[in-house]
Each structure stands twice: as C-alpha cells, then as structure tokens.
Amino acid sequence: MALRKILTQGDPALTKTCRPVEKFDRKLHDLLDDMKETLQNAGGVGLAAPQVGILRRVVVVEDAEERMIELVNPVIVSQSGEQKGWEGCLSVPNQYGWVDRPSVVTVRAQDRDGNFFETTGEELVARCFCHEVEHLDGHLFVEHTGELYSPEEIDAMEAAEEDGAKKRPRRKGRRR
C-alpha cells in the first residue's frame, strides 16, 4: 500500500468524467488499498479515484462504524429525505460550504472482485455517497454552495449564534 497525492481544485482531472472499471485485477485492488490508506492518513470520510488522479469509477467511504466501503462503478439507485449541513472536501482543503443533500441514499456498486451489491447510508454516509459519486462525473461540492468558509469563520458564526441565543430575553408566564 502507498499514500497517493490528493489533487486540489483547479487540477483538470477533477473536472473529467471517469470511465467504468472493466478489469477487476491486482491493479484495482492496489488502487483501492492505496485509496483507503490515503483517506485514513488525510482524516477524511470519502475519497474518489479522480482525487488521486485516476479517472476510473472507484470510491471509498467510511461508514458510521468506521469501516471502509469500497464502491466500484457506483450508481445511486434511490434517495430520500433531506439534510442540510456543512460539507468539505479533501480536494478543496480548509473550505466548507452549506449543502443540501438527501438523508438516505442507496448505492448499487461492485466490490473489488466484480460482485454486485447494494448498500444504504444515512446522514453523513448518505452525504458522502452523493459527494463522491459526483466526483466521478467531474463535479465538486462547491457547485452546490454559494459561499465557502474556513473552519475559523464557521466557529465564529456558531459562537455568535450561541451568544445570540443566550442574550435573547426569555418570556415568563403566558402570552396575553
């Protein structure tokens, strides 16, 4: 296994549509192993092959139990609900945007040996499925948000929100 370089916004590979995987061989296994190691080293929760310069439809996502899910040729087959929240990307370091995503997502994919399976993710895992599959079609999450914020800016906004809630007068008794 080896760490791979994560490409950042502006690299042309991140705007390309990836080709399906047709060979389920040692080369694919090495890519998946490298992607998992790279993701863990970077402290992320999802990584798509184009982020490491490989234009193939391959994704790894960490699930709610911190297990790695390998998705080869993934397709979103159903989605439901709605969640709104901060989203970031290893290819857009230290920048976050407020993004709407479905709260439940089911993906049909193949494993490293070519066997088909379906898996369903909720909340953060659902968000990751959508985010990483979009990478395979040359899209970044920044297309879904109007403004990007640093972690410090988000902390300041959240602190101001908490202070505002503490300073609001509380009503006692019934309203007349």
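How many helices and how many strands are there in the protein? The protein has three helices and seven strands. This is a predicted model. From the N terminus on, the elements follow the order α-β-β-β-β-β-β-β-α-α. The C-alpha trace spans about 70 × 30 × 25 Å along its principal axes.

**Overall figures**

- The protein has 176 residues, and 43% of them are buried.
- Its accessible surface is about 10,500 Å², and carbon and sulfur atoms account for 47% of that.
- Among contacts with a separation of 6 or more, 66% are between residues 24 or more positions apart.

- Five strands form an open sheet in the order 1-2-3-6-7, and their pairing is antiparallel.
- The edges are taken by strand 1 (46-48) and strand 7 (116-122); each has a single partner strand, so one side of each has no neighbour in the sheet.
- From one strand to the next, the twist averages 40°.
- Strand 6, made of residues 104-110, runs antiparallel to strand 7 and is joined to strand 7 by seven bridges.
- Within this pairing, V107 stands opposite T119 of strand 7.
- In a regular strand, side chains alternate between the two faces of the sheet.

**The hairpin of strands 4 and 5**

- Strand 4 (residues 83-89) and strand 5 (residues 92-101) run antiparallel and are joined by six bridges.
- The hairpin between strand 4 and strand 5 passes through two residues.
- K84 has D100, in strand 5, as its bridge partner.

- Helix 1 covers residues 26-42 and lies across strand 1, strand 2 (58-62) and strand 3 (68-80).
- Its direction is at about 40° to strand 2.
- L31 is placed in helix 1.
- L31 has 7% relative accessibility and therefore counts as buried, the cut-off being under 20%.
- Leaving aside residues up to four places away in sequence, L31 touches R4, A49, V52, I54 and V58.
- L31 and E87 are 56 residues apart along the chain, and their C-alpha atoms are separated by 25 Å.

**Helix 2**

- Helix 2 (residues 124-136) has 13 residues, and the distance from its first C-alpha to its last is 19 Å.
- That span is close to the 18 Å expected at 1.5 Å a residue.
- The helix is mostly covered, with twelve of its 13 residues buried.
- Just after helix 2, G138 has a positive phi of about 80°.

**Nonpolar cores**

- The largest nonpolar core has 15 residues, and those with the most contacts inside it are V59, V61, L71, V105, V107, F129 and L136.
- At least two residues of this core come from each of strand 2, strand 3, strand 6 and helix 2.
- Helix 2 gives the largest share, six residues.
- Another core, of 13 residues, lies apart from this one, and among its members are V21, M35, L39 and V60.
- V105, one of the residues with the most contacts inside the largest core, touches I76, S78, Q79, T119, T120, G121, A126, F129 and C130, not counting residues up to four places away in sequence.

Definitions and conventions:
Residues are numbered from 1 along each chain as its sequence is written. Side-chain values use heavy atoms; hydrogens and water are left out. Two strands pair if DSSP finds at least two bridges between them. Helices (H or I, at least four residues) and strands (E, at least two) are DSSP runs, numbered from the N terminus. Axes are lines fitted to C-alpha atoms, for helices over the stretch in contact, and angles run from 0 to 180 degrees between N-to-C directions. Contact means heavy atoms within 4.5 Å. The expected span of a helix is 1.5 Å times one less than its number of residues. Buried means under 20% relative accessible area, exposed over 50%, partly exposed in between (1.4 Å probe, protein chains only). A nonpolar core is a set of buried Ala, Val, Leu, Ile, Met, Phe, Trp, Tyr and Cys residues joined through side-chain atoms within 4.5 Å. Accessible areas come from the Shrake-Rupley method with a 1.4 Å probe; for residues, only the protein chains shown count as cover.
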